[in-house]
Amino acid sequence: MREPYQWYVLYVRANTEKRVISDILRFIETKRFEFDFDVFCPESEYYYRGDKTGPLGKPYRKRPLFPGYVFIETEMPPKEFLRQFGTYAYGAHDIIRILGTGDSEGIALSKEERIRLEFLLKDKRCVEHSVGYIVGDAVTVEQGPLKGYEGLITYINRHNRFADIEMDMFGGKVKARVALEIVNKTVER
C-alpha cells in the first residue's frame with residue numbers, strides 16, 4: 001500500500017467477520033474505486049489440543065484477534081471513506097457501525113496504533129505464537145511478535161499457552177488473547 005494509507009475499522013455482529021469481508025469485497029468490486037483496498041480480520045494463533053494437530057504436527061490454529069471487528073486498509077481519505085462507506089455500512093445487516101476516535105478525522109486508527117498492530121501482525125495479518133521464560137515475576141519473550149512488548153502482557157496461562165495483552169486502540173483499552181509458550185520458569189533468589 002502506498003503512503004499515506006489508513007486503517008478503518010468496522011464493528012460487526014458476532015461471528016460474521018468472514019461474511020462481512022466477502023460482502024465488502026463485492027461492494028468494492030461493483031463501485032470500481034480508484035483506490036486499492038485490503039479487507040481483513042486480524043488473527044491470532046492459539047494452542048490447539050487435539051488428535052489432529054495439523055501439518056508437521058504444529059498444534060497452533062488461528063482465530064480472530066479482535067472478534068467482531070473488520071479492518072479496511074486503503075489510501076482513501078477519511079472524508080471520502082465515510083461518504084462512500086457510510087451509507088453502505090448503515091444499510092448492511094451485519095455491520096453495526098464504523099468506529100471513530102472522536103477527533104476531526106475521526107474514523108481511522110491513529111498512525112501509532114496502526115504501526116503497533118502492523119508490527120504484531122507482520123505481513124501475515126496474524127499474531128503468531130511467541131516463546132519466552134519467567135524469572136520471578138518478570139516475563140522475557142525471546143522470540144515472536146511479543147518480543148520487546150512484554151509490557152502489554154496482563155495475564156499468562158502457562159498450561160494452555162496463551163497470554164492476555166492490553167493495548168490502547170479504538171479510543172480506549174482493548175484486550176486480546178495471543179499464543180505465548182513459556183519454556184522455563186524459575187524463582188528469583
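Guide: Asp38, Glu73 and Arg125 are linked in a network of salt bridges, where a salt bridge is a side-chain nitrogen of Lys or Arg within 4 Å of a carboxyl oxygen of Asp or Glu. By this rule the count comes to nine salt bridges. Do keep in mind that this is a predicted model, in which local features need pLDDT of at least 70, side-chain atom pairs count only at pLDDT 80 or more, and totals for chains, interfaces and linings use all residues. Residues are numbered from 1 along each chain as its sequence is written, and side-chain values use heavy atoms, with hydrogens and water left out.

Now to Arg19, whose side chain meets that of Asp94 in a salt bridge at 2.7 Å, N to O. Arg19 lies in helix H1 (residues 17-31) and Asp94 in the loop between helix H2 (78-91) and strand S6 (95-98), so this pair ties together parts that are 75 residues apart in sequence. Helices (H or I, at least four residues) and strands (E, at least two) are DSSP runs, numbered from the N terminus. Arg19 is partly exposed, with a relative accessible area of 45%, whereas Asp94 counts as buried at 8%; buried means under 20% relative accessible area, exposed over 50%, and partly exposed in between (1.4 Å probe, protein chains only).

Helix H1 also holds both Asp23 and Arg26, three residues apart, about one turn of the helix. Their side chains meet in a salt bridge at 2.4 Å, N to O, and Asp23 is partly exposed at 25%.

Next come the rings: the structure holds 16 aromatic pairs. Rings of Phe, Tyr and Trp (its six-membered ring) pair if their centres lie within 6.5 Å; planes under 30 degrees apart count as stacked, over 60 as edge-to-face and the rest as tilted. Tyr47 and Tyr60 form an edge-to-face pair, 5.9 Å centre to centre with 65° between the planes. This pair links distant parts of the chain, with Tyr47 in strand S3 (residues 43-47) and Tyr60 in strand S4 (residues 60-64), 13 residues apart. Tyr47 counts as buried at 19% relative accessibility, and Tyr60 counts as buried at 16%.

Charge and ring come together at Tyr47, where Arg161 lies over the face of the ring, at 3.9 Å from the ring centre. For a charge to sit over a ring, NZ of Lys or CZ of Arg must be within 6 Å of the ring centre and within 35 degrees of the ring normal. Arg114 likewise lies over the face of Tyr5, at 4.1 Å from the ring centre.
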